[in-house]
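Reader: I am new to reading pockets in a protein model. Could you walk me through them?

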Amino acid sequence: LINATTDICQASRAMKPAEKEKLRERHSTPGVEISVAKDGLSIYVNASNPIGELSLEQLKGIYTGKITNWKDVGGPDGKIVLYSRENSSGTYVFFKEEVLGGADYSPRAQTLPGTAAVVNSVSKEKLGIGYGGAAYAKNLKILKVKKDAGAPAIAPTKDTVHDGTYPLSRPLYFYLRSKPSGNIDAFVTWVLSPEGQALAEKVGYYPVK
């Protein structure tokens, strides 16, 4: 979007202030942000894993390397195998900010080029854990997440993502350089229409309205 090689940029995280500044410098505009769907960033474990829930604090401990064995969070005695997205991913950034509090990922975390690859790896690795959009979850278990140790464990569903009770709810965005017009406006209008929002829900995300 900044390089003007696309009219619409899709993002699973909010645009950073530095990126907005680059847009302003090159195109004299801070850009236009449009929320087009909602997602519950999901925590994946292998289908055979008896664990059903984790708190954000436990997830941070696991992904920063302070917790390395499933038995330390009520699971089987076995070394946790970490899967993560690559650092260019919006999902990687969202997880780092919302779960790790900006801390660094454990060097043991295996970075994979897409959520489908994370799902595939966790589905085959009995001691694995990964994260990604709810739409990608196939042949594995999605954990409930607790905001803190005393909070209820919440699953990512349409209702919990909409009302924000699921701790890792997030909007999915379109970014444009300027207010949409012509074909771009027609496309965005369709995406936000009942038909477009039904399609977002069909593939596993949630409508914005």
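Author: Let us begin with the second largest pocket, where β1 gives the largest share of the lining, three residues. Strands (E, at least two residues) and helices (H or I, at least four) are DSSP runs numbered from the N terminus. This is a predicted model, in which local features need pLDDT of at least 70 and side-chain atom pairs count only at pLDDT 80 or more, while totals for chains, interfaces and linings use all residues. Residues are numbered from 1 along each chain as its sequence is written, and side-chain values use heavy atoms, leaving out hydrogens and water.

Reader: Which residues lie nearest the centre of the second largest pocket?

Author: A pocket is an open set of points on a 1 Å grid over the protein atoms alone, where a 1.4 Å probe fits, with protein on both sides within 12 Å along at least five of seven lines; lining residues have an atom within 4 Å of a point. Here, Cys9, Ala11, Arg13, Met15 and Glu19 lie nearest the centre, out of 14 lining residues.

Reader: What volume does the second largest pocket have?

Author: A volume is the space filled by probe spheres set on the points, which are joined across faces, edges and corners. For this pocket that comes to about 230 Å³.

Reader: And how much space lies in the largest pocket?

Author: About 520 Å³. Its lining has 25 residues, with Gln10, Val36, Leu172, Phe174 and Tyr205 nearest the centre. Elements giving two or more residues to this lining include β1 (9–11), β2 (32–40) and α3 (90–98).
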